[in-house]
Amino acid sequence: MGVDKTLDKNIILSKLDRALGWARKYSIFQYPFVTACCGMEYMSVACSHFDIDRFGAGFPRFSPRQADLLMVVGTISHKIAPILRTVYEQMCEPKWVIAFGVCTCTGGFYNNYATVQGIDTIIPVDVYIPGCPPRPETVLDGLIKLQEKIQNQKQEI
Amino acid sequence: MKEEGSVFEKIKEKFPEGFISRHSFRGDDTIIIHREYLYRIAEYLKESEEFRFNILMDLTAVDYLGRGYRFEVVYHLYSMDFNRRVRLKVPLLEREAVVDSLVPLWSCANWYEREVWDMFGIRFNGHPHLKRILLYEEFEGHPLRKDYPIDKRQPLIGPGSKEDRNRK
């Protein structure tokens, strides 16, 4: 008991998994894969009005090799699908994917010859943010859900 | 109002064999012409001092499935000098879905014609580079034709694609 009391003020005890999760969830480098109108909402989230930087994901990288989070923002057509998969494959582990907007979740109202019916048919998705387009608050809510997921998952080192 | 009618009269007078019919719904002048005369009529409308339709505003096509002349290629011309518009329509049979390219007259026709080829499968004689512009080369058929199956999908990767079928 006595030892615990002294340690309390000087040392934080944690599991490595939790510490890494804490570090990772607040240092998200995102890669915005923006193809359509949802991009306007992405800009709104990223800039000062809603300021995604408050949640530790304010740093867009335009190289997939430097990014942790792939934000797929906007309609994905069959023509661009192979490029999206290549971008995903170029990202280093650990990596996460957000489907931003209803087009990326399910194809939305584009049930036609041109559009991929949900990006989860080509790459794995961690968080789905529906809406056409989603409100910035919804996006931030999705980001916080992703952070919970990152915090609680097993951390590969 | 004589002014408005003059483009019809001139075309009828200059190209009597090329002229099929005309109408002017709510002031939108439309001339329907034979495809063999398209290039000559377009050139005349562009070059003549009287009209100077120097801008090709739009070029598209319509599929009237079930009609004898199944396709119609539609041209919208605009004259900067006179602030006038005219629409040309060229009916086409399905087995002869080909029309002269207007790229030598308006170079903007290049991408429009590629789009019409991509979506409707109408070919353009004399086009410098007639290949798909919006869809991918692996795509089969022309999706804006009315007989393209509405639920037909041709994904490059993922479920239903070639690599997916080969794996199974």
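Two strands count as paired here if DSSP finds at least two bridges between them. Keep that in mind for the first stop. The model is predicted, with ipTM 0.81 and pTM 0.85.

**Stop 1: the sheet.** Select the strands of chain A. They form an open sheet of 5 strands in the order β2-β1-β3-β4-β5, with parallel pairing. Now go to the edges, residues 59–60 (β2) and 127–129 (β5) of chain A. Each has a single partner strand, so one side of each has no neighbour in the sheet.

**Stop 2: β1 and β3.** Select residues 29–34 and 69–73 of chain A. These are β1 and β3, paired in the parallel sense over 5 bridges. Show Pro32(A): opposite it, in β3(A), stands Met71(A).

**Stop 3: helix α6.** Next, select residues 136–152 of chain A. Helix α6 also packs on the sheet, where it touches β4 and β5 of chain A. The angle between its direction and that of β5(A) is about 175 degrees.

**Stop 4: the interface.** Bring in chain B. Which counts describe the contact between chain A and chain B? On the chain A side 9 residues take part, and on the chain B side 11. The chain A residues there divide into 5 nonpolar, 2 polar and 2 charged.

**Stop 5: confidence in chain B.** Colour chain B by pLDDT. Its mean is 90, and 97% of its residues reach 70 or more.

Methods:
Residues numbered from 1 in each chain as written. Chains lettered and ligands numbered in written order. Predicted model: local features only at pLDDT ≥ 70, side-chain atom pairs only at ≥ 80, totals over all residues. Helix = DSSP H or I, 4+ residues; strand = E, 2+ residues; numbered from the N terminus. Contact = placed C-beta atoms within 7 Å. Axes fitted to C-alpha atoms, helices over the stretch in contact; angles between N-to-C directions. pLDDT = per-residue confidence, 0-100. Nonpolar A, V, L, I, M, F, W, Y, C, P; charged D, E, K, R; others polar.
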